[in-house]
Amino acid sequence: MMSPIKTLITTTLLLIGINTYAQHEISLEAGGGISTLSYDVLFGDQKNGFAGEFGAAYTYFFSPSFGIRSGVNLSYYHANATLRNISDSYDAFDGEEYFEFRYTMNHYKEKQYALYLNIPLMAQYQFGNNKMFYVAAGGKLGIPLLGKYKTSDNDFKTSGYYPSINVELEEPAFMGFGTFSNMHAKNDFDLQVTAMLSLEAGVK
């Protein structure tokens, strides 16, 4: 059920900085918010989940308020997909005759998780007393480290329709026919290097 991820967005909420001298800043970052793993879901809905990140950054300031920031951080993304009832069929052969294999899937739920190593390039503006507040905008290059998904609460019903005798068999199970409840699965999925837009706001 996985599709290629189109967009990854997160919001940083906190930055702790140490001024080395007037025009340079080295900082540790931690943040969280709503993530976007954007992809198309046929016959269902996709919802965003929680995201978080941690990393280190270097900022060069052209003035007391404006600077350019880069660095490296680990970012975690999460999303959920829920599919409506799905029914379909295809032609099959049981070794003796052809039949129509039918299936229905209900209550399909899937969670996806992704971990990226991000390299940002951001324009930063800081303001307020001691320049403690900041906003930043720019882009990030994301290198995938981990992609996983798992499913839960799946009800799967299968049957075989034999047109020669006009009968739909709902058993035996060894032929793949039956009703299977509470099915679970988990596996990895591949991610590509990606470019992301990023907007941050926080306190130093």
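Glu53 is buried (under 20% relative accessible area, with exposed over 50% and partly exposed in between; 1.4 Å probe, protein chains only), at a relative accessible area of 6%. The model is a predicted one, in which local features need pLDDT of at least 70 and side-chain atom pairs count only at pLDDT 80 or more, while totals for chains, interfaces and linings use all residues. Residues are numbered from 1 along each chain as its sequence is written, and side-chain values use heavy atoms, leaving out hydrogens and water.

The partner of Glu53 is Lys140, in a salt bridge of 3.1 Å, N to O (a side-chain nitrogen of Lys or Arg within 4 Å of a carboxyl oxygen of Asp or Glu). Lys140 is buried too, with a relative accessible area of 5%. Glu29 and Arg69 form another salt bridge, at 2.2 Å, N to O, and both are buried. Glu168 pairs in the same way with Arg102, their closest N and O atoms being 3.2 Å apart; here Glu168 is partly exposed at 39%, and Arg102 is partly exposed at 27%. Shared partners join the salt bridges of Glu29, Glu53, Arg69, Lys140 and Glu200 into one network. The whole structure holds nine salt bridges.
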